[in-house]
Amino acid sequence: MTASNSSSRPTVWCIAATDSGGGAGITADVRTVSDLGCHPCAVVTAITAQNSLMVSAVAAVSNATLLDQLNALLLDMPPQAIKIGLLASQAQLDCLAAWLAAHVSHVPMVLDPVLSASSGSDFGRAKLDFTPLLAITTVFTPNVAEVAALIGSQCSSSEQLIAAMPQLLAMTPAHLLLKGGDIDDAASAEDLLYLRQPPFCAAQHAEQGFRLRTPRIATGNNHGTGCMLSSAIAAFIAQDWVIPDAIVLAKAYVQRGLSESYQAGMGTGALGHSGMPQCLNDFPQVLPLQGSLPTFEAHHDNFAFVSPIYPVVSNCAQLTELLRGGCLTLQLRVKSDDTAQLAATIQQAITLAKRYHAQLFINDHWRLALKYHAYGVHLGQEDVAEADIAALRAAGIVIGLSSHSFFEALIALSYRPDYLALGHIFATTTKVMPSLPQGLTRLQHYANIFASAIPTVAIGGIDLGNLAQIRATGVQAAAVVRAVTNADDVADAYLQLQQQWLQGETTWEVAYD
Ligand SMILES: Cc1ncc(COP(=O)(O)OP(=O)(O)O)c(N)n1
Ligand SMILES: Cc1nc(C(=O)O)sc1CCOP(=O)(O)O
Ligand SMILES: [Mg+2]
């Protein structure tokens, strides 16, 4: 057995107060960060005397002691992400903000303002001015009571949280995660997310609000939920998940923590810590902030890829060769502004595919797919919001949707597609991608979580050399462009890939990047 490589654990600084009761504060942060595979460093801002029933004292550390801790860490253990929790005074907040701005302003910071705890404790900090910290914050996570204190008016409903957003956005360049768990709703809990433009994410989700909805877990043991959420976000950011993914993964982690919460003391008990989220049901639904999704008929429960190798081509000549070669799952992806030519090509392709009873997906052009009665459409995140999904459903057209992150996959699932594409796995020259290649380790996470709920297909940089590893993750299909279209004989290239996939069922093991 080999020891795990300590350098593979990113460092997360937790700047927060102790909780003598063990369920919240820096105790919860350190457990969370460690449980999620990062190394936690603990910078104590105050020592609290508390149990599961009450907070009886908060003793601030001096600014000198705070700076001693930070300077010691900076010398030896620079952070990949920082979580900031309870701060004891305005002087401490100002001192911390100045130090962070001077030394680590490039590091992503998650700020949980901790003015009011989910256990009901009020730390008496309602008058803190967070302005200096908010200028350098990456993700800001106030709850409803904290939003009320920040904007100086009543806030106890989702509508009031939405109304508060412009005022909060004016205070900070951070992404906002407004926690609605304390809003009175028996069935579900809903946080509101406002995304700026996160790095390595497509622009279509930037500067927009979303509802992150989870079923409410019936437990009174929720001490430290805000601490756990913010430190989990920091841990996932430190592991290079894009910010929307860090947020939905952290939400899933807290949801599981609530499911596995336990009584500790006579009052508000503590949360379970159960590692990387594994269960789709723990993830929030990602819904638009305004309006609602149209209600769709159920997706085609029995859709399956006939061919696990799914070539994506741009013309009818290659489509014909593939159909003759026995390929029964294909996509026509034509990027052209010539509308007459486009319509003719799509109509011809649909007619051809029907002759072979093939599953032909039309990329992007859902109106033409409807008009010419295609078997299926493949839509990107930018297409799906404006596509008439209800009309496609009513016409019996099978729908595949793209995703490039957990966040996008959750958006896609809210449209109830028939399959989910996971991209891009390896580097590709076929198209310019805003996202980074996901790699096999991440594909394995996606497959673990999504592949049992919906057929999945991996795409991006897949060829004969890496197909076996893709197959081993458990996705149901691999979509390929260049591996087929650049071959002299496209049908032969397809057959080799198909053969490799079918052979690989028992003989290959995944080797992670
Ligand atoms: C199987 C499959 N997966 C993903 C894509 C990408 O679709 P989209 O996001 O719509 O991007 P474009 O293909 O339109 O550039 C796909 N085409 N097929
Ligand atoms: C069209 C497309 N969509 C992607 C996604 O990630 O959504 S990657 C991609 C190109 C895949 O081409 P190749 O197999 O030549 O790398
Ligand atoms: Mg598209």
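Author: Ligand 1 is surrounded by 17 residues. Gly 380, Ser 402, Ala 421, Ile 459 and Ala 479 are the closest. A residue counts as near a molecule if its C-beta atom, placed from the backbone, lies within 6 Å of it. This is a predicted model, in which local features need pLDDT of at least 70 and side-chain atom pairs count only at pLDDT 80 or more, while totals for chains, interfaces and linings use all residues. Residues are numbered from 1 along each chain as its sequence is written, and chains are lettered from A and ligands numbered from 1 in the order in which they are written.

Three strands each supply at least two residues of the shell around ligand 1: β11 (309–313), β14 (376–379) and β17 (456–459). Strands (E, at least two residues) and helices (H or I, at least four) are DSSP runs, numbered from the N terminus. By class, this shell of ligand 1 holds seven nonpolar, six polar and four charged residues. Ala, Val, Leu, Ile, Met, Phe, Trp, Tyr, Cys and Pro count as nonpolar; Asp, Glu, Lys and Arg as charged; the others, Gly among them, as polar.

Now ligand 2. It has 16 residues around it. The closest are Gly 423, Thr 428, Thr 430, Val 481 and Arg 482. The shell around ligand 2 divides into six nonpolar, eight polar and two charged residues.

Next, the domains. The assignment gives domain 1 (6–288) and domain 2 (309–507); such bounds come from an automatic or database domain assignment. Their centres, taken over C-alpha atoms, are 38 Å apart. Domain 1 brings 15 residues to the contact and domain 2 brings 16. Two residues are in contact if their C-beta atoms, placed from the backbone, lie within 7 Å. On the side of domain 1 that touches domain 2, α8 (243–259) and β10 (285–288) give two or more residues. α8 gives the most, with four. That side of domain 1 has 11 nonpolar, three polar and one charged residue.

Last, a helix pair. The axes of α1 (residues 25–35) and α7 (residues 225–238) come within 9 Å and cross at roughly 40 degrees. So α1 is oblique to α7. Axes are lines fitted to C-alpha atoms, for helices over the stretch in contact, and angles run from 0 to 180 degrees between N-to-C directions. Angles under 35 degrees count as roughly parallel, over 145 as roughly antiparallel, 65 to 115 as roughly perpendicular and the rest as oblique.
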